[in-house]
Amino acid sequence: MTNLLKIDSSARRTDNSESRYNSISKQLGSWFVDEWMSCNHPDSLIQRDLGLNPPSFISQEWIASVFTSQERRTPEQHALLEESDSLIDELDQADVIIITAPMYNYGMPAVLKAWFDQVVRIDETFTFDLARGDFPLEPIMSGKTLILLSSCGEFGFDPGGVREQMNHLGPHIGVISKYLGVENFYEIRSEYQEFADSRHQESLANARKEIIKLVNRLS
Ligand SMILES: Cc1cc2nc3c(=O)[nH]c(=O)nc-3n(C[C@H](O)[C@H](O)[C@H](O)COP(=O)(O)O)c2cc1C
């Protein structure tokens, strides 16, 4: 059985009375999960909507706690790390991680960055050893697949596209994903939302086709 973890990060909901206000990235996530479950039932699914329930930002006390060995942590420090502990537990159980993300200011939403800051944690998801030379960090987890399903208002963010250099969403997540134990990274993106024309409809339809193809390939 494969365990799926779906992390949504748009501030927008999916149940607005006017459907044009609904989150597109969350829609891509639902298509992915529906297709996955129809091919691979009864795989398990944990879902977290960071847009509706944002994770805490890390603090000076949080950093001090993670750098204190487990045996020496005070009860307050243990309590402060409970949120991070449970997010890391969810990650640990996952074989396939689906992150749905809007592009905000050419990068990821703050709530998603807050989630990464909570889960990429020393001696939990990575080790740090200067004996490794200039690249002292190594992931602890392994073998995971990450699918990023994203939506943006503009277009041309693919390699070779007119806005390739402005894309700090997929490339950023691709780099950090190593520390989640990700070994296979895929991105499917819908573009042109702000133009609301046929190019957007076509991009969304293509994203749906790509999702179906990817699920069939991974199943
Ligand atoms: C605060 C904010 C910032 C945005 N910044 C960008 C941007 O930098 N580039 C872009 O192409 N679209 C940008 N957009 C448009 C969104 O990426 C687009 O509306 C996308 O569909 C949002 O995802 P969602 O439909 O899942 O909510 C922005 C939208 C918002 C609300």
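This is a predicted model: local features need pLDDT of at least 70, side-chain atom pairs count only at pLDDT 80 or more; totals for chains, interfaces and linings use all residues.
**Exercise 1.** Decide whether serine 25 and isoleucine 24 are buried or exposed.

*Solution.* Start with the cut-offs: a residue is buried if 20 or more other C-beta atoms lie within 10 Å of its own, exposed if 12 or fewer, and partly exposed in between, with C-beta atoms placed from the backbone. Serine 25 has 26 C-beta neighbours inside 10 Å, so serine 25 counts as buried. Isoleucine 24 has 24 C-beta neighbours inside 10 Å, so isoleucine 24 counts as buried. Helices (H or I, at least four residues) and strands (E, at least two) are DSSP runs, numbered from the N terminus. Last, the contacts of isoleucine 24, not counting residues up to four places away in sequence, are Ser151, Ser190, Gln193 and Leu204.

**Exercise 2.** Where does UniProt place the feature "binding site", and why do these residues gather at one spot?

*Solution.* The unreviewed UniProt entry places the feature at Ser10, Ser23, Ile24 and Ser25. They span 16 residues in sequence, but no two of their C-alpha atoms are more than 8.7 Å apart, so they gather at one spot. UniProt positions follow the numbering used here, feature names are shortened, and annotations may be inferred rather than shown by experiment.

**Exercise 3.** Describe the residues around the ligand.

*Solution.* A residue is near a molecule or strand if its C-beta atom, placed from the backbone, lies within 6 Å of it. There are 17 residues around the ligand, of which Ser25, Pro102, Cys152, Gly153 and Glu154 come nearest. Helix α1 (residues 24–40) gives the largest share of this shell, three residues. By type, the shell divides into six nonpolar, seven polar and four charged residues. Here Ala, Val, Leu, Ile, Met, Phe, Trp, Tyr, Cys and Pro count as nonpolar, Asp, Glu, Lys and Arg as charged, and the others, Gly among them, as polar.

**Exercise 4.** Which strands pair with β6, and over how many bridges?

*Solution.* Two strands pair if DSSP finds at least two bridges between them. Strand β3 (residues 96–102) and β6 pair in the parallel sense over seven bridges; proline 102 has serine 151 in β6 as its bridge partner. Strand β7 (residues 182–190) runs parallel to β6 and is joined to β6 by eight bridges. In β7, arginine 189 is the bridge partner of serine 150. Finally, seven of the eight residues of β6 (residues 144–151) are buried, so this strand is largely enclosed by the rest of the structure.

Note on methods
Residues are numbered from 1 along each chain as its sequence is written. Two residues are in contact if their C-beta atoms, placed from the backbone, lie within 7 Å.
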